Amino acid sequence: NAWMGPAAAADLRVLLDAVRRQYGFTQYHLLSGSMGGTSNLIYTSLFPDDVAAVIALCPVSDIRTYHQWCVEHPGGVVNEIRAAMEASYGGTPAQVPARYEAHRAIAHAAAFTMPLLVIHGTADALIPIEHSRALADRLRAKADFTYRELPGGNHDAPLHDPGVMTWLDEHLARSR
């Protein structure tokens, strides 16, 4: 539950490098949702040369503002998310601003040079759709960026969207 904090990003980099050395992979396709989709965006913004394509379902594009949203919408799992972010990043955005800034995918959107698919449900109560909309606005001119909203879709709606696998199949066919 690290929300791709500094230690998680470093650990993933070590793991991917080990797989690269053992099997000869040069890049990876990242596909995840929620915290995983957020992590995909953060990792890619930090290490774009490791990534061939990204699929991020209902992601956070700005870890700093999402932390603030969690503070403003306390209760249940939101409290757990906020606490996990603070543990992973070593404090709040006010306490360790440089750590959060380095992991704000939206602030480093120029790193997204690979194909990118983002899907978000409009009724997501856990991660506001504004995160995906802001990233979509920033990447609107990017030729290999696809953004879709699922009207009325909740947080899990993108997981059931057959368009995810269609997009991935098409991307893999073009990259062969």
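Biologist: Which residues does N40 touch, leaving out those up to four places away in sequence?

Modeller: In this predicted model, N40 touches L30, L31, S32, V54 and I55. Touching here means heavy atoms within 4.5 Å. N40 itself has its place in helix 2.

Biologist: Why does N40 count as buried?

Modeller: Its relative accessibility is 7%. Buried means under 20%, so N40 counts as buried. In space, N40 and P59 are 8.6 Å apart, C-alpha to C-alpha. In sequence, they are 19 residues apart.

Biologist: Where does helix 2 lie?

Modeller: Helix 2, residues 35-46, lies across strand 1, strand 2 and strand 3 (116-121). Helix 2 runs at about 145 degrees to strand 1.

Biologist: What makes strand 1 and strand 2 a pair?

Modeller: Six bridges join strand 1 to strand 2, residues 51-57. Pairing needs at least two, so the two strands qualify. They run parallel. G33 has L57 of strand 2 as its bridge partner.

Biologist: What is the order of the strands in the open sheet?

Modeller: The order is 1-2-3-4, with parallel pairing.

Biologist: Why do strand 1 and strand 4 stand at the edges?

Modeller: Strand 1 (28-33) and strand 4 (145-150) each have a single partner strand, so one side of each has no neighbour in the sheet. From one strand to the next, the twist averages 10 degrees.

Biologist: Which residues of helix 3 and helix 4 make the contact?

Modeller: Helix 3 gives I63, Y66, H67, W69, C70 and V71. Helix 4 gives V78, I81, R82, M85, E86 and Y89.

Biologist: How do the residues of the contact of helix 3 with helix 4 divide?

Modeller: Nine are nonpolar, one is polar and two are charged. Arg and Glu count as charged, so R82 and E86 are the charged two.

Methods: Residues are numbered from 1 along each chain as its sequence is written. This is a predicted model: local features need pLDDT of at least 70, side-chain atom pairs count only at pLDDT 80 or more; totals for chains, interfaces and linings use all residues. Side-chain values use heavy atoms; hydrogens and water are left out. Helices (H or I, at least four residues) and strands (E, at least two) are DSSP runs, numbered from the N terminus. Axes are lines fitted to C-alpha atoms, for helices over the stretch in contact, and angles run from 0 to 180 degrees between N-to-C directions. Buried means under 20% relative accessible area, exposed over 50%, partly exposed in between (1.4 Å probe, protein chains only).
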